[in-house]
Amino acid sequence: MKNILDAPFVEEMKKTTANMYRLGWDERNGGNISYMLDEKEVAEYLDLNNVIRTIPTGFDAKELIGKIFIVTGTGKYFKNVEYDPENNLGIIRIAEDGTTAELLWGYADGGKFTSELPAHLMSHISRLSVDPENRVVIHSHPTNTLAMNYVHELDEKKFTHTLWEMCTECIVVFPDGVGVLPWMLCGTNEIGEATAEKMKEFRLVIWAMHGIYGAGKNLDEAFGLIETVEKAAQIYMLTSHLPRINTIKDKDMQILAEAFGVEYRKDFLNL
């Protein structure tokens, strides 16, 4: 059996968490990632019959029974994942009862998955219902995206429209726009349910004054979505206090989206 520390999905998690920490998106133990794995690939590295221990999830994820995820740990710092993946990450399988996670590897110091796992699982279920290839959910605290929450209306159409205006690539990268939730208590099923409902419509959901959720087919896509929003938010924060001389017009955004053949939110443009 191959060494789990050499598995490409472990390497991906190490690199992604290191990048997110370096960019300042995940201070201290802020942020979390869940990544659905292919069972056959995991079986090359782990004995899938060897369950180390079971951990209640706090949510009935019956739609995900048997699915395997690699998940960041609760209270763990992203900066430490690269150097100590076995304590800071875990590989879990949703058990037959739907409410229990079977630990197959990781959390070696006795820890467990992020407290926001229920929100992640709810989002996975929602995204899979509209995109069967979805595999990743990322939650982080990007600085400029957060700053924008304090000075911009928290209206999905207006927030998305402003981001689309900031960079030519934005309407192409996230043509489905950005969902927005009001401030809610984190780590609860309530915010998880609200996020999952938004995830039926958006791959990106802002948690007001807290952070952002992004979903994608792989780590690159989910990371890239958040990265593009953050870049647009940075440009907005650098320019919002200055006179606007130039902008990308709505008609230009329409031409751009149609040239790239993306399905965009036409109702988010003022045409």
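Student: What am I looking at, and how are residues numbered?

Tutor: This is a predicted model, where local features need pLDDT of at least 70, side-chain atom pairs count only at pLDDT 80 or more, and totals for chains, interfaces and linings use all residues. Residues are numbered from 1 along each chain as its sequence is written, and side-chain values use heavy atoms, with hydrogens and water left out.

Student: OK, the sheet. What order do the strands come in?

Tutor: The open sheet has nine strands, in the order β2-β5-β4-β3-β1-β6-β9-β8-β7, with mixed pairing. Strands here are DSSP E runs of at least two residues, helices are H or I runs of at least four, and both are numbered from the N terminus. Two strands pair if DSSP finds at least two bridges between them.

Student: Which strands sit at the edges?

Tutor: β2 (53–56) and β7 (179–181), each of which pairs on one side only.

Student: And do β6 and β9 run parallel or antiparallel?

Tutor: Antiparallel, over five bridges.

Student: Switching topic: how many residues are in the largest nonpolar core?

Tutor: It has 56, and those with the most contacts inside it are I4, F9, I70, I91, I138, L163 and F174. Helix α10 (residues 219–239) gives the largest share of this core, nine residues. A nonpolar core is a set of buried Ala, Val, Leu, Ile, Met, Phe, Trp, Tyr and Cys residues joined through side-chain atoms within 4.5 Å. Buried means under 20% relative accessible area, exposed over 50%, and partly exposed in between, with a 1.4 Å probe and protein chains only.

Student: What about M209?

Tutor: M209 is also a non-glycine with a positive phi, near 55 degrees. M209 is found in the loop between β8 and β9, and its relative accessible area of 30% makes it partly exposed.

Student: Now α11. Which of its residues are buried?

Tutor: In α11 (residues 250–259) they are D250, M253, Q254, L256 and A257. They are on the same side of α11 because they cover an arc of only 165 degrees around the axis, the arc being that of the directions from the helix axis to the C-beta atoms. The face turned away carries the exposed residues K251, I255 and A259.

Student: What covers the buried side?

Tutor: The cover includes α7 (156–166) and α8 (170–173). Just after α11, G261 takes a positive phi of about 70 degrees.

Student: Last one: is D131 buried or exposed?

Tutor: Buried, because its relative accessibility is 14%. D131 lies in the loop between α5 (117–130) and β6 (136–140). The D131 side chain makes a polar contact with the K217 side chain at 3.2 Å. A polar contact is a pair of N or O atoms within 3.5 Å; within protein, one must be able to donate a hydrogen and the other to accept it, and residues adjacent in sequence count only if both atoms are side-chain atoms.

Technical notes:
Contact = heavy atoms within 4.5 Å.
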